[in-house]
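Here is a short briefing on aromatic pairs, strand pairing and helix packing. Keep the sequence and the 3D view open while reading.

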Amino acid sequence: MSLFWFLFFSAHLAIASSLKDSGLKHKQPDMQLKLYPMTSLKSPPNSTSLLFAYMFAKDEERIRYFHSRLAKNSDANASFKKVGPKLAGIPLKSGLSMGSGNYYVKMGLGSPTKYYTMIVDTGSSFSWLQCQPCTIYCHIQEDPVFNPSASKTYKTVPCSSSQCSSLKSATLNEPTCSKQSNACVYKASYGDSSFSLGYLSQDVLTLTPSQTLSSFVYGCGQDNQGLFGRTDGIIGLANNELSMLSQLSGKYGNAFSYCLPTSFSTPNSPKEGFLSIGTSSLTPSSSYKFTPLLKNPNNPSLYFIDLESITVAGRPLGVAASSYKVPTIIDSGTVITRLPTPVYTTLKNAYVTILSKKYQQAPGISLLDTCFKGSLAGISEVAPDIRIIFKGGADLQLKGHNSLVELETGITCLAMAGSSSIAIIGNYQQQTVKVAYDVGNSRVGFAPGGCQ
């Protein structure tokens, strides 16, 4: 972390700490909403190459965060509930235009309903969005900031509630209590040093006009610092009792599916995928190949699967089976897939052997070290297929749009990287594939051709 970021976050963490006893009270009774413009270090750059570097730096911090989480114990408890009907598919779009390598949906909140641009994150257990009066800080966002006082159904959650007690398992931070209002105060922090601090709240959630939840528990952020682009907040879909998934599972079942549309190759494309919550989103089950979800005692909220092998152009990589045996997470919030270093090294060597017959290699860019001189469209035509195989025969079959990215005009790179002790299946490799999380039956499935 640079000295600027260290001093910046240290200062704001100190402010946040000082507010724990004051209950986030306003500085002045007539305080106006403050939306502070993001500096060049906080806002996504304009050029394509700098935007990729920005997102990859954020990606690397997230990986370090997962390393840290796996090294610690957590007492989070999963919540499994009964089967219910399916929610209608909600349009899911690339966040590149808003400076995010993740994907977003429009989430309705409050009475009357207002819609907000929310990142979908399977690695987060807690949902939050920026709220007026932005007592400390709100970044520039896509939509008008949520105004709790304008919602007839909004209320804060008291410190004595079970939801407040559950915050530590969802955010890995202890909740605090406002002495003035007895409202529960949360802090959600992330691997890239971003965080949100505010009141634990409850209001009406609307995903479609006919699909609502009257008592959705979420965070109403008064201090929101970091790299969220221009999105309004985060939807947590991890396996935890405070996640949106668990809160909806009583009505719809403990499952969801999504299809992520192509992003980097067509950042301004109108194409969209979908997010669907409910057990009926898994149908037809015959279209999926499933792999078991694994339990990790340190992090029961994350989605772990068993990586078994990888092929390039139909040939298995020449690595020991033990090389694959590291904790493997499937995650919508990580962009680039990380593979165990011996596996990645062998994969890239096989890839280079095939592509270098026609395309000259280029220097690496950012964390991507395997690059070629040529366009994505041209190289994709001759690029070898990569097949990532999981326990039970489920697999991801990667064509050029899932394995290559054109970072600069005429420079195309393999969109994967090595990792020392964990593997993460990132969202770039999940593009256009329908991914089903059958949490109630502890399995994840993949079906090709879910969207474009």
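Which strands do the buried residues of α5 pack against? They pack against β2 (103-109), β8 (195-208), β9 (211-225), β10, β11 and β12 (273-277). This is a predicted model, so local features need pLDDT of at least 70 and side-chain atom pairs count only at pLDDT 80 or more, while totals for chains, interfaces and linings use all residues. Residues are numbered from 1 along each chain as its sequence is written, and side-chain values use heavy atoms, with hydrogens and water left out.

**Helix α5**

- Helices (H or I, at least four residues) and strands (E, at least two) are DSSP runs, numbered from the N terminus.
- Helix α5 spans residues 244-252, and seven of its nine residues are buried.
- Buried means under 20% relative accessible area, exposed means over 50%, and partly exposed lies in between (1.4 Å probe, protein chains only).
- The buried set is Met244, Leu245, Ser246, Gln247, Leu248, Ser249 and Tyr252.
- Gly253 follows α5 and has a positive phi, near 100°.

**Strand β10**

- Strand β10 (residues 233-236) is covered on both faces.
- Gly233 and Ile235 are buried on one side, Ile234 and Gly236 on the other.
- In a regular strand the side chains alternate between the two faces of the sheet.
- Strand β3 (residues 114-121) pairs with β10 in the parallel sense over four bridges. Two strands pair if DSSP finds at least two bridges between them.
- Met118 stands opposite Gly233 in β10.
- Strand β4 (residues 128-130) runs antiparallel to β10, joined by two bridges.
- Leu129 has Gly233 of β10 as its bridge partner.

- An open sheet has the strand order β19-β20-β24-β23, with antiparallel pairing.
- Its edge strands are β19 (361-362) and β23 (404-408), and each pairs on one side only.
- Helix α6 (residues 341-355) packs on this sheet and touches β19, β20, β23 and β24 (411-414). Contact means heavy atoms within 4.5 Å.
- The direction of α6 makes about 140° with that of β24. Axes are lines fitted to C-alpha atoms, for helices over the stretch in contact, and angles run from 0 to 180 degrees between N-to-C directions.
- Two antiparallel bridges link β19 and strand β20 (residues 371-373).
- Gln361 stands opposite Phe372 in β20.

**Aromatic rings**

- Rings of Phe, Tyr and Trp (its six-membered ring) pair if their centres lie within 6.5 Å; planes under 30 degrees apart count as stacked, over 60 as edge-to-face and the rest as tilted.
- By this rule there are 14 aromatic pairs.
- Phe216 and Tyr218 are stacked, because their ring centres are 5.7 Å apart and their planes meet at 10°.
- Phe216 is buried at 1% relative accessible area, and Tyr218 is buried at 1% relative accessibility.
- Phe256 and Tyr437 are stacked, because their ring centres are 4.4 Å apart and their planes are at 10°.
- Phe256 lies in strand β11 (residues 256-259) and Tyr437 in strand β27 (residues 434-438), so this pair ties together parts 181 residues apart in sequence.
- Phe256 is buried at 0%, and Tyr437 is buried at 0%.
- Tyr116, Phe146, Tyr154, Phe216 and Tyr218 form one aromatic cluster.

**Charges over rings**

- A charge sits over a ring if NZ of Lys or CZ of Arg is within 6 Å of the ring centre and within 35 degrees of the ring normal.
- Lys187 lies over the face of Phe195, 5.5 Å from the ring centre.
- Arg443 places its charged end over the ring of Phe290, 3.7 Å from its centre.
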